[in-house]
Amino acid sequence: MGSVALDRVNNRIFVPDQRNGRVVVFPMNEQGGPAFPYASNVLGKNTLISRYTPNTEASETQTLHTSGGTSYDAANDRLFVFDNPSGGYLSGTRGLVFDATPDGLTDGQAANRILIQPDFHSRETGLSENRLSRAGGHVLDEANQRLFISDAGNNRVLVFDVNADRLQNDPDAYAVIGQSNFSSNEPGLGPSNLSGPAGLVYDTENERLFVGDDGNQRVLVFDVTPENLETGMTASGVIGQPDFESRQPRTDPTQFSPGNMSFDPRYQRLFVVDDWRAEHQSNSRILVFDVHPDRMARMPEASHVIGQPDFNTFERLVSRNRFMLAKIGPNSVDPDRQLLYVVEGYLGGNRVTTFDI
């Protein structure tokens, strides 16, 4: 399962069902829980009982592997779905854009735009303004209608203009972060380089982009106000390392190996899935960091841990307060209700759990 997208206006949650190659839509009640014990609609398949089969072809109505997650654009009632390769049996990331107007949403409807591919049937990889090697994550800046996509295989983040009035099929990115141009993909260290970037979150209030720089064991923070955003830009902050030139492995249980992330704009908190692995344990906890601009340090200690009783425990269990293979994304926090939605796929609980944060 990929990360969920919340529609807080119409009380819906979009849940990527990764292995079945679809996105299921659940109506929510006023408390942020499920209004019904079943989904109302499905995208990427014709019916709610359809699932992915190996001979399925990519098209505008059929998605294959929705591990790339989703983002909802409330300003235009659009859903961005990333059909991402995973497990080595698919190639070529696709970004599909669906009309998600509540009255117009139907099972198996066609996407109306395609990103990262020349058409709805292609699954190319590459290194250019409009191709990726492997998408690691994405986040939407609704106010400025920008889409940031981390290209883990090419060690960079691409920036697209997705304004509804201008967006066409297979658009070019207009800026790249982590590289000096669109034809470079060398991994690196320092304030302007990346190595296998993964999760992304965006701070709307302060116009900051948080990039999980997985290969360098850190999170970089970029000032991406429209007037400052440029190709090859320098990070304004680093979390998880003492300086921009360090990539030390974690030495303290309150530190992390960055996985996917989410952000609470109300209290300026960063939620990070700890991707640390030891004795086949992985993604068994979420760490919480205070990243308010006035208080953020380069090596902050986590203030809280979710999924474990303390910072020194790493149990892999499925229960009310434990999870396995947790996934969160930039849309996983409901800041008004103060809820965190954690997706847990196979081999875990195949569920979405909700935490009061």
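Reader: Which residue is the bridge partner of Pro-197 in β14?

Author: Strands here are DSSP runs of E with at least two residues, helices are runs of H or I with at least four, and both are numbered from the N terminus; two strands pair if DSSP finds at least two bridges between them. In this case the partner of Pro-197 is Asp-213 of β14, and Val-201 is likewise bridged to Phe-210 in β14. β13 and β14, the latter covering residues 208-213, run antiparallel and are joined by 5 bridges. Before we go on, note that this is a predicted model, in which local features need pLDDT of at least 70 and side-chain atom pairs count only at pLDDT 80 or more, while totals for chains, interfaces and linings use all residues. Residues are numbered from 1 along each chain as its sequence is written, and side-chain values use heavy atoms, with hydrogens and water left out.

Reader: How many residues lie between β13 and β14 in their hairpin, and which residue in the turn has a positive phi?

Author: Most residues other than glycine have a negative phi, and most peptide bonds are trans. The hairpin of β13 and β14 has 4 residues between the strands, and Glu-207 in that turn has a positive phi of about 50 degrees, although Glu-207 is not a glycine. Asp-77, in the loop between β5 and β6, is another residue other than glycine with a positive phi, near 50 degrees.

Reader: With which strand does β14 pair over 6 bridges?

Author: The partner is β15, residues 218-223, and the pairing is antiparallel; within it, Gly-212 has Val-219 as its bridge partner. β14 and β15 also form a hairpin with 4 residues between them, where Gln-217 in the turn has a positive phi of about 55 degrees.

Reader: Are the two faces of β14 covered or open?

Author: A residue is called buried under 20% relative accessible area, exposed over 50%, and partly exposed in between, using a 1.4 Å probe and protein chains only. Both faces of β14 are covered, with Arg-208, Phe-210 and Gly-212 buried on one side and Leu-209, Val-211 and Asp-213 buried on the other.

Reader: Which residues does Val-159 touch, not counting residues up to four places away in sequence?

Author: Contact means heavy atoms within 4.5 Å. By that rule Val-159 touches Leu-147, Phe-148, Ala-173, Tyr-174, Ala-175, Ile-177 and Leu-229. Val-159 belongs to strand β11, residues 156-161, and is buried because its relative accessible area is 0%. Leaving aside neighbours within four places in sequence, the contacts of Val-272 include Phe-256, Pro-258, Arg-285 and Phe-289.

Reader: Is Thr-93 buried or exposed?

Author: Thr-93, in the loop between β6 (78-83) and β7 (94-99), counts as buried because its relative accessibility is 2%. A polar atom of the Thr-93 side chain lies 3.5 Å from the backbone nitrogen of Ala-135.

Reader: What is the volume of the second largest pocket?

Author: Rolling a probe the size of a water molecule over the atoms shows where empty space is left. On a 1 Å grid over the protein atoms alone, a cavity is a set of points where a 1.4 Å probe fits but cannot get out, a pocket is an open set with protein on both sides within 12 Å along at least five of seven lines, and lining residues have an atom within 4 Å of a point. Grid points are joined across faces, edges and corners, and a volume is the space filled by probe spheres set on the points. The second largest pocket has a volume of about 510 Å³; of the 21 residues that line it, Arg-8, Glu-142, Thr-204, Pro-330 and Asn-331 are the closest to its centre. β1 (5-7), β5 (70-73), β9 (135-141) and β13 (197-203) each supply at least two residues of this lining, and the largest share, 3 residues, comes from β9.

Reader: How many cavities of 30 Å³ or more does the structure hold?

Author: The structure holds 1 such cavity, and the largest cavity contains about 50 Å³ of space. Among the residues lining the largest cavity are Leu-6, Asp-7, Arg-8, Met-28 and Tyr-341.

Methods. Polar contact = N/O pair within 3.5 Å; in protein donor to acceptor, adjacent residues only side chain to side chain.
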